[in-house]
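Subject: A structure for you to explore

Hi,

Here is the structure I promised to pass on. Please open it next to this email and follow along.

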Amino acid sequence: MAKYKILFVSDSVTYVKDFFDILSVTGRYASMSCSTNEVDVENHLSYCAPDILMLCLARDSIEDMMRIAEMKNKLVRENVILGITGSAEECKRFQALKEDFADIVIHRPFKNEDIEEVLDDYMDDLVQMKQQQFEIDEQIKMIQKQKAKLKAEIEKNKKGSAPQEEKRRKHVLVIDDDPMMLKIVKEHLHDTYDVATAINGKIAYKFLDNKKTDLILLDYEMPNENGAQVLTHLKETGKIDGVPVVFLTGVAEQTKIKEILKLKPQGYLLKPIDREKLLSMLKKFI
């Protein structure tokens, strides 16, 4: 039984047939194909739910492929792996126009074993990342249970005691080099949390020298120091002991996601920001 589903986007019957013949040998991949028509692609994505979307590049189809590439944010949110295949020249041209689109690149001409090896290596890494995400989710569930138990104990101790003064609003520090993103996040949170912002790690360090926060929202792509470097520095200096960190980023590249997960953040959210998902994530930790 096939382990993964792969959707080939191409108007060339011969091109797709070559892939079908190669991948049918081991039976590890269930191959499907559709035209370069955007509606056709969207329908196949909805009904077939592939693990991998592979654009088969050709000189006369680059413009069609560029339109399909605009769907990247949606595909990333649905955990679809993105790939391109074509001659070295075609792949280079496409990547120059869409630098961060492809997770997998397969050059033509190719050998049967080359395709299986590239796909297998990537999918095995993906399984490992999903396992790491599962472990993070399990940690979140455990923290939620502990919080619920602690809350129940507090409520029990409150009975019969004098009225308590109003609960302190929790504080969130947002680190992102994009002023518009800082404004959006602040608007999402200001009704519930006290929010401070920093456009880089250096400003965040100074803030934490004198003040405390209950949670940090941290962007990945920033000049000078990226999010991973900022988090590493904060941990090494002990400035955020016990403070949960959630990555807030548009990064979906395999290597960068692995770098984020190695630092064991409490979670990460993909841009563009969904207000309800953001509030739900924060509620888990503070």
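Below is what I found in it.

This is a predicted model, where local features need pLDDT of at least 70 and side-chain atom pairs count only at pLDDT 80 or more, while totals for chains, interfaces and linings use all residues. Residues are numbered from 1 along each chain as its sequence is written, and side-chain values use heavy atoms, with hydrogens and water left out.

First, the whole chain. Its secondary structure comes to 11 helices and 10 strands; these are DSSP runs numbered from the N terminus, with at least four residues for helices (H or I) and at least two for strands (E). The C-alpha trace spans about 80 × 40 × 35 Å along its principal axes. Of the 286 residues, 42% count as buried, meaning under 20% relative accessible area with a 1.4 Å probe, protein chains only.

Now the sheet. Five strands form an open, parallel sheet in the order E7-E6-E8-E9-E10; two strands pair if DSSP finds at least two bridges between them. Strands E7 (194-198) and E10 (267-270) stand at the edges with a single partner strand each, so one side of each has no neighbour in the sheet. From one strand to the next, the twist averages 20 degrees.

Look at E8 (residues 215-218) and E9 (residues 245-249), which run parallel and are joined by 3 bridges. Here isoleucine 216 stands opposite valine 245 in E9. In general, strands of a sheet pair through backbone hydrogen bonds.

Enjoy exploring!

Conventions:
Axes fitted to C-alpha atoms, helices over the stretch in contact; angles between N-to-C directions. Buried < 20%, exposed > 50% of the residue type's maximum accessible area, 1.4 Å probe, protein only.
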